[in-house]
Amino acid sequence: MTLQDTAMHPLQRAGATRVAGFVVAAVATVVLVLLPLWATPFMNLQISLIAAYAVAIRGLGVLTGHAGQVSLAQSAFFGVGAYSAAYAVDHGWPAAVGLLLAVVVASLAGVLIAIPAVRLRGFAFGILTLAVPVVGVPLANRLSGLTGGAQGKTAVSLPAPEWSGLADDQWHYYVVVAIAALIFLLVHNLLTGRLSRALDLLRANETVAAAMGVPVQRYKVMAFTISAACGGAAGWLYLVPVQFISPDSLQLTLSISLLVALVVGGVRSPTGAVVGAAFYVLLPNVTDKITPGRSYLFFGIVLLIVLLFFPQGVTGGLRSLAGRLSRRRSEPTTATE
Amino acid sequence: MPSRGTATRIAFAVVAASVLLAGCGGRGSTGSTSGSGSDAPGITGDTITIGSSYPLSGPLGANGIAAKGAAVAYFDSVNAAGGVKMADGKTRKIKFVFYDDGYDPAKAVQNYGKLVDSDHVFALFQTFGTAPNLAIMKKANADKVPQVFVHAGDALFSMDRTANPWTMGWQPTYESEGVAYGKSLAAQNKPMTVAVLRQADTLGEVFLKGIQEGIAGSKVTIAKVATYTPKDPTVDSQISTLAATKADALFMAVAIPPLMISGINHAATLGWKPTVFMASMSSSISQVVEPGHLSSYPNLFTASFVKAPDDPQWANDQAVADLKSQMQKSSPDANPNITNAQWGYGAATSLVDALKGMKTVSRQGLMDAIHALKSDGGGILLPGITMDGSDSQSTPLHGIKVERFTNGSWQIQK
């Protein structure tokens, strides 16, 4: 096989890949826009939930995937966001104010926890983040004036406006998916340049990063805050279709599930966050038909399979699969990615 | 994202495909929104589909499995005998579809969506727990889907027929249970104090309200109230606080059996042995009294409206024998001695009675039939308990009997 035998010049191939990528993205967008008009309210609810959890998982990915700090606190920020959203609904504030409140309160909580937490490393940091939901849930139960206590709070908001001609569940879908997409874009823009490189260094080896002059604590706090802000936004997004929040929805198991979903999807991949969220929301639908109540068992099994065979997660696995397929078509020395 | 290439493409495609497959069915198919016109989703010539959501995993898993198992057992026995004969002359078998919500109200909401949009159920039956039912109630009433015989003792499911015409409880409220305890104390006509340990939510609030109502105007006063939350590992400190009052009676409005056991035992270790009233859902002989070694306690009371299979006084009762044998056959993994099983079984018999009593085979017809239900108990209900679905501000079952633990059995007090 010589260079002349290959069908396309490598640069042409890269260009073709980009065009194909745009086409697929365009098709996917069209599908997403038209889907709720045809889908049942239940499907729209599921997709809205996937979008909400994807934001939470992407946020967790910034802290755990990019900065390398394993955190079990994401369910607490999710809860703070959802309760802030419910608070805003109770007081009749506009939805946008509720979203802002959710993000701001969660970010503040994130900073407050991050400042002491980032002095710890690895395992100790993880244990401290574990304490957050463990303390947070009983707190939510007790502060019933604020949270409605163990009964929870109903928060009906964002009815579909007259001019749209849409049903509530369709309107909620559009609002949630659009805002989730915007948040993904924001995170993508945040993770460029210096921040991204610093987090990579931090993840690889904290001591070396510090020795190279990277302000490790500051970047850890930054990553933690971005993660918490995403968690808070996800809580707001979740409340829109579900319209109910209670401490039962915020148990430690949610943090663990988000982490599992992150690993299954791919810890640094935005697509992976969506895949992980889809896995978390849709898997129980399938397994409950076979054996109700055992969805966590299947989460565990899938996690094991992923860790054993695709440690980079589903997206990482697909990427290496795609890489291997492309490599077979070209000469051995040319990499296609 | 577009420039990440093949992986993104495949992932997008997989997610889109799985989402499409996961839903199936389009909008506007029968039952997704119903008005009085869409007469009978979930009904065919020979089947009627009923749906529910239970905690089948997590801390209340055993309770959910017990309630579900009892309903399944009764429905199986009805189906085996041919089915339910309805007003239009057709006899239909019951198809019971249920999902796990782990007591998470958000999952209950999703299950509601699945049951109504995908499974096209005729009605929701015995959805379990106050918070999950609260989460579902708004949607069910907006969609005009019956949410009947909810497995929760909170009055608000039955109180407001104008706001929530499609929702209905079944069992006597926890408030009425508190009233019964209060009245039994008041009847002794001497100055007494009672300490209360209650759950820190509406369930606990209504228990407290009940006992306050029961002792109103009498010589009994409340010494102190302490609260706990369901996820607390222990109530020892609350019991210590209450013990300091040296009250004559202790109302353990505790819905969690392990906490009931540890709380009462802790009181004993502190040398305080008041008259104890045990909340009905955690007073089972085989699940609580015996394992907790409480049978030597001098004055144990509870209240009930159903016959417990583990109570020796009902050993020869036909309804109890039926419950045991049917559950053994259909739901061997469910425990008939858990109170939720007895409530579940009773509610299932009421549902079948209501289905038989429908004048028109429609969702509205079901609600009308429930409001017309009247009986003098019988079956699994204790003697003297009556059913009256027409009371617009109360659950259908009326009456609850205070019982005292005597010689290994809960004896009904006059």
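Two residues are in contact if their C-beta atoms, placed from the backbone, lie within 7 Å. By that criterion, and leaving out residues up to four places away in sequence, L373(B) touches S350(B), D353(B), A354(B), G357(B), M387(B), G389(B) and P396(B). The model is predicted.

L373(B) sits in the loop between α13 and β11 (374–375) of chain B. It is partly exposed, because 16 C-beta neighbours lie inside 10 Å. G51(B) is 322 residues away from L373(B) along the chain. The C-alpha atoms of the two are separated by 21 Å.

Helix α13 of chain B spans residues 363–371. Its buried residues are R363(B), G365(B), L366(B), M367(B), A369(B) and I370(B). Several elements of chain B cover these buried residues, including β4, β5 (147–148) and α12 (339–357).

Most residues other than glycine have a negative phi. H120(B) counts as partly exposed, because it has 19 C-beta neighbours inside 10 Å.

L158(A) is not a glycine, yet it has a positive phi of about 50 degrees. L158(A) belongs to the loop between β1 (153–154) and α7 (168–190) of chain A. With 18 C-beta neighbours inside 10 Å, L158(A) is therefore partly exposed.

Chain B is divided into two domains. Domain 1 covers 47–172 + 317–399, and domain 2 covers 174–304. Their C-alpha centres lie 29 Å apart. The contact between them takes nine residues from domain 1 of chain B and 13 residues from domain 2 of chain B. On the domain 1 side, the touching residues divide into four nonpolar, four polar and one charged.

Nonpolar packing was examined next. In soluble globular proteins, nonpolar side chains tend to be buried together. In this model the largest nonpolar core has 229 residues. Those with the most contacts inside this core are L237(A) and M252(B). Helix α10(A) gives the core its largest share, 17 residues. Both domains of chain B take part: the core draws at least three residues from each of domain 1 (47–172 + 317–399) and domain 2 (174–304).

The surroundings of M252(B) can be listed. Apart from neighbours within four places in sequence, M252(B) is in contact with L197(B), M260(B), G263(B), I264(B), V276(B), F277(B), M278(B) and A279(B).

Helix α10 of chain A (residues 216–242) also packs against helix α2 of chain A (residues 41–66). The axes are 8 Å apart and meet at an angle of about 170 degrees. Angles over 145 degrees count as roughly antiparallel, so α2(A) is roughly antiparallel to α10(A). The residues of this contact divide into 21 nonpolar, five polar and one charged.

P215(A) is exposed, because 12 other C-beta atoms lie within 10 Å. A198(A) is 17 residues from P215(A) along the chain. Their C-alpha atoms are separated by 8.7 Å.

V267(A) lies in another loop of chain A, between α11 (252–265) and α12 (270–290). Here 25 other C-beta atoms lie within 10 Å, so V267(A) is buried. With neighbours within four places in sequence left aside, the contacts of V267(A) are G61(A), T64(A), G65(A), L262(A) and G313(A). V267(A) and L199(A) are 68 residues apart in sequence. In space they are 13 Å apart, C-alpha to C-alpha.

R18(A) is found in helix α1 of chain A (residues 10–38). R18(A) is partly exposed, because it has 13 C-beta neighbours inside 10 Å. Q312(A) is 294 residues from R18(A) in sequence. The C-alpha to C-alpha separation of R18(A) and Q312(A) is 23 Å.

Methods:
Residues are numbered from 1 along each chain as its sequence is written. Chains are lettered from A and ligands numbered from 1 in the order in which they are written. This is a predicted model: local features need pLDDT of at least 70, side-chain atom pairs count only at pLDDT 80 or more; totals for chains, interfaces and linings use all residues. Helices (H or I, at least four residues) and strands (E, at least two) are DSSP runs, numbered from the N terminus. A residue is buried if 20 or more other C-beta atoms lie within 10 Å of its own, exposed if 12 or fewer, and partly exposed in between; C-beta atoms are placed from the backbone. Axes are lines fitted to C-alpha atoms, for helices over the stretch in contact, and angles run from 0 to 180 degrees between N-to-C directions. Angles under 35 degrees count as roughly parallel, over 145 as roughly antiparallel, 65 to 115 as roughly perpendicular and the rest as oblique. Ala, Val, Leu, Ile, Met, Phe, Trp, Tyr, Cys and Pro count as nonpolar, Asp, Glu, Lys and Arg as charged, and the others, Gly among them, as polar. Domain bounds come from an automatic or database domain assignment. A nonpolar core is a set of buried Ala, Val, Leu, Ile, Met, Phe, Trp, Tyr and Cys residues joined through C-beta atoms within 7 Å.
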